[in-house]
Amino acid sequence: MEFTLSGTCIIGLQWGDEAKGKMVDLLSQNHDLVVRYQGGANAGHTVVVGDDVYKLHLIPSGIIHPTVLNVIAPGVVINPATILAEIQSLIERGMNLEGRLVMSQRAHVVCPWHVEEDKLDESLQDDQENIGTTLRGIGPCYRDKVGRKYALRLIDLIQDGLADKVERIVAYKQKILNALSPSPPALDSQAITAELVEQGQQLKPLIADTNHLVLDAVAQGKSILFEGAQGALLDIDHGTFPYVTSSNSSGVGVCAGSGVPPRWINKVIGIAKAYSTRVGGGPFPTELHCETGQVIRDIGKEYGTTTGRPRRCGWFDAVAVRYTSRLSGVNSVSLMMLDVLSELDEIKICTAYKIDGEITENMPADTETLRRAEPVYQTLPGWKVDVSQMEHFDELPENAVNYINTISELLKTPIEFVSVGPDRQQTIKCKNAPVVA
Ligand code: IMP
């Protein structure tokens, strides 16, 4: 399969877990660099190559291709223990990472207190539904980044003065934990410093000023693939707040997180599943609480890569995806996991919401309003044929093509790829996709 792309972004258009890792892996072969620019180890990107399955949390999915330089940009929050374990596991599988992975000095560090604070925040019961975070300390780390006073960046791990910084931060964090936690953990600033120093030394050869590196690559005409994590509906500014992650996971986050200005971005591919899933709390208008939801969960193996939690499953929501597709400036969509729907007699697509008696095709900004949204469905016949071994668009059954085209029309965006299974081979280029942009 031929892909000719450069300066391209891969953006999840739903609530994450859209199988972005597969598309990043597939498109990496035509790019010099793959850049991760937001989120942290809350992400779980799965790449399947034949019998090999790689589960990545922090390392960009381009790492599977030996010629690609993988960059973790300033907008990512890095847990040093997690990334070291990930590096180790790839080396043990025989991968040579020499000169192929670099991470920004500016990236913020997820520290032990962040994980404790995340657990604490999720355990405190009040009258608000829990966010249902991944408990990876992501929110507390970004909170400290914005607060500035109690934050550590990767550069701090390899410079003098770390012990003083950790001691000051630990003194502050311990007070918070003591005040709020029913069983506060004791933070040992000396032990934490020793661990961070050790981790910093191990990571030192990989830590660089990625801003210059990436901008130099742009100046040299190299092609870059920007790998988004989570999905646009979880965007801190534009998603279903407060049931979101703490970074800009829609297309608008690429420039801020990577340090690459908008003029160098020339294509955005939106990734959407052929149905919807969500983990954690928050409104989900097309959620299925019936047997069909369980069928989708079982066939799609809809259990979190990072936390193992069962994912909530529902019909494709064209209102939500049209919104995130516009927000992210999507040129084309990759429709993933079409094979999962093959057993269903009929399939529904949400085309509008009915809210307080009014029909709207626009996603409301307010979460409580979204909770009241009743989906208006278009029902399509299923195709009832295994599509997982099909390689060409013309092989797909008529009802599957009809489903793809209906989504394309509702999104007003061409569908460029359809994925019918986890392997690289199970990807169909939609030559005949209608161009409706
Ligand atoms: P956090 O990012 O761990 O703070 O979690 C905030 C919300 O985002 C929760 O609902 C998580 O389930 C969700 N979330 C975070 N990362 C991912 C992901 O990679 N896939 C799907 N959902 C995610």
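This is a predicted model: local features need pLDDT of at least 70, side-chain atom pairs count only at pLDDT 80 or more; totals for chains, interfaces and linings use all residues.

**Entry 1: the salt bridge between the domains**

I looked for salt bridges between domain 1 and domain 2, and the count is 1. Next I looked at a pair of residues, Arg371 and Glu129, which form a salt bridge. Their closest N and O atoms are 3.0 Å apart. A reminder for both of us: side chains of opposite charge can pair when their charged atoms come close.

**Entry 2: where the domains are**

I then checked the bounds. Domain 1 is made of two stretches, 8–94 and 210–429, while domain 2 covers 108–205. I looked up how far apart the C-alpha centres of the two domains lie, and the value is 29 Å. The contact involves 28 residues of domain 1 and 22 residues of domain 2.

**Entry 3: the interface**

How much area do domain 1 and domain 2 bury between them? I found about 1,900 Å², with 58% of it on carbon and sulfur atoms. I asked which residues of domain 1 matter for this number, and Val77, Pro80 and Leu84 supply 27% of the area that domain 1 buries against domain 2.

On the side of domain 1 that touches domain 2, strand 6 (77–78) and helix 2 (80–92) are the elements that give two or more residues. Helix 2 gives the largest share, 5 residues. Sorted by type, the residues on this side of domain 1 are 13 nonpolar, 13 polar and 2 charged.

**Entry 4: around the ligand**

Which residues come nearest to the ligand? There are 16 residues around the ligand, and Asp17, Asn42, Thr134, Thr245 and Arg309 come nearest.

- The side chain of Asn42 has an N or O atom 2.8 Å from an oxygen atom of the ligand.
- The side chain of Gln230 has an N or O atom 3.3 Å from a nitrogen atom of the ligand.
- Val279 takes part through its backbone: a polar atom there is 3.1 Å from an oxygen atom of the ligand.

I found that the peptide bond joining Phe241 and Pro242 is cis, with omega about 5 degrees. Pro242 sits in the loop between strand 10 (224–227) and helix 9 (253–258).

Asp356 is found in the loop between strand 16 (346–355) and strand 17 (358–360).

**Entry 5: salt bridges again**

How many salt bridges does the count come to? It comes to 19 salt bridges. I picked the one between Arg143 and Glu117, where the closest N and O atoms are 3.9 Å apart. Arg143 is in helix 4 (residues 138–147) and Glu117 in helix 3 (residues 112–123), so this pair ties together parts that are 26 residues apart in sequence.

Definitions and conventions:
Residues are numbered from 1 along each chain as its sequence is written. Side-chain values use heavy atoms; hydrogens and water are left out. Domain bounds come from an automatic or database domain assignment. Contact means heavy atoms within 4.5 Å. Buried area is the accessible area (1.4 Å probe) that two parts lose on being put together, summed over both. A salt bridge is a side-chain nitrogen of Lys or Arg within 4 Å of a carboxyl oxygen of Asp or Glu. Helices (H or I, at least four residues) and strands (E, at least two) are DSSP runs, numbered from the N terminus. Ala, Val, Leu, Ile, Met, Phe, Trp, Tyr, Cys and Pro count as nonpolar, Asp, Glu, Lys and Arg as charged, and the others, Gly among them, as polar. A residue is near a molecule or strand if one of its heavy atoms lies within 4 Å of it. A polar contact is a pair of N or O atoms within 3.5 Å; within protein, one must be able to donate a hydrogen and the other to accept it, and residues adjacent in sequence count only if both atoms are side-chain atoms.
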